[in-house]
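Biologist: I am new to this one. Please show me the structure, and then I will ask how you know what you say.

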Amino acid sequence: MILMLFGLAMLVPLTVSHVMDDGAQRVYDEVFLLTMLCGSFLWYRYRNTPRDLNVRDGFLLVVLVWTVLPAFSALPFMIHLGMSHTDAYFEAVSALTATGATVMSGLDRLPASINLWRHLMQWLGGMGLIVLVVAILPMLGIGGRQMLAAEIPGPMKDNRMTPRVTETAKGLWMIYVFITVACALAYRWAGMSWFDAICHSFSTVSLGGFSTHDASLGYFNSPAIEWICIAFMLFSGINYATHFLALTGRSVFIYGRDPEAGWFVGVLLVSVFVLANYLWKEGTFDDMDTAFRYAMFNVISVATTTGYSTMDYGQWPMFVGLWMLFLCSFSTSAGSTGGGIKMMRALLLYKQVYRELVRAMHPAAVYNVRLGGATAPQSVLFAVLAFAFVYMVSIVSMTLLLAFTGLDIVTAFSAVVASVNNTGPGLGAVGPATTFAVLEDFQTWVCIFAMLLGRLEIFTLLVVLTPAFWRK
């Protein structure tokens, strides 16, 4: 059923292709038919099996959704553009995980339906296809709570905003759609065409970063467009549960009570001012105003794991690029469309380190880790420490693996960090002025695994790969 629901999404680029006569009509006809046939066959074959999902089923279904759907999503790229299976699958995974890394060039000349399909996949993947499906599956007689628990990142696993999981999913998507429409209208007002405005609103709100132009948002060279993009990237980097509560409570003070929002905005603003001043002092830009403009956009874009660029920041001093990659590892809030370990986990790690320092000085002191006025249970702290450990081990292991294949260390490290954090462009050979097409097939598959690992919050994917998961 999930596969058939996803197939229905293909009707959007199919319709655009027929209306605009961009030459890809037959491709979408074939891919849509194939997807619906496969979904129908699976549904018919197993329609009488028990429909209750346990926790293990939820984990497996989430992993299958994020690995199987890209295979069908990649078909238009393979059939119409002649891309290899590896590159097409990479592009589809990058889209659905809202990473934004691409192996494509010549985006300005792509058929409109292909460009729209790339952005639509990012939009669907941004909030999480699972959340959308959870809102629909109960109507079809299939429980969705286990899927939601496996998919939703961080603290939202245990804190439902409404009593029913279906209402929670609908509430999230209502806000998501509203923000997307507002973003598209703002882009159109700032001078984009309707097509560019819609595509970029999809990739902005999802924090995906795909663009219809090789030069990304630098193509427009418009301060107004950049400021609109900054505003919506910041908005999408905040927990959607906070947006939901602010909307239902009709109060902006909800944001002040969010323990992550203040740190999220504060860290980004301090970073922008420090890096803009550094770029100006180093002579990268002639004046502070220009340095501030480009630092503001590109730092926030990378930190929120969006991945847009207005210039090749890979040519900036290495210190700036590394700081930006560091920011994308933790800046966005839990429950947002961003990637990385999330600000809430970073705060808990910081407070846990501080508690150990206090204990070292005062062994008898009682010091509880508190966040947002609540004491963090030991189980949560242990889980965050385990997550941080696996996160770092994953980055180091895959960086060494890419370096072993012959990549220089800057390219290897930044490609892994950008993939795990679902950011998109990295540094070196995979910087904002180039694409991931420079990678060999094996290196590309390492990045695909890294993107899935990051999008599924590491443990969701790893637990399915453990032998214990498959024992009866």
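Predicted model: local features only at pLDDT ≥ 70, side-chain atom pairs only at ≥ 80, totals over all residues.

Modeller: Residues are numbered from 1 along each chain as its sequence is written, and side-chain values use heavy atoms, with hydrogens and water left out.

Biologist: Why is Ala276 called buried?

Modeller: Buried means under 20% relative accessible area, exposed over 50%, partly exposed in between (1.4 Å probe, protein chains only). Ala276 has 0%, so the residue is buried.

Biologist: What makes Glu91 and Arg118 a salt bridge?

Modeller: The rule asks for a side-chain nitrogen of Lys or Arg within 4 Å of a carboxyl oxygen of Asp or Glu. Here the N to O distance is 3.1 Å, so the pair meets the rule. Six salt bridges are counted this way.

Biologist: How do you know whether Arg293 is buried, exposed or partly exposed?

Modeller: Arg293 has 26% relative accessibility, so this residue counts as partly exposed. Its salt-bridge partner is Glu226, at 2.8 Å, N to O. Glu226 has 4%, so that side of the pair is buried.

Biologist: Why is Lys342 called buried?

Modeller: Its relative accessible area is 3%, so Lys342 is buried. Its side chain meets that of Glu457 in a salt bridge of 3.1 Å, N to O.
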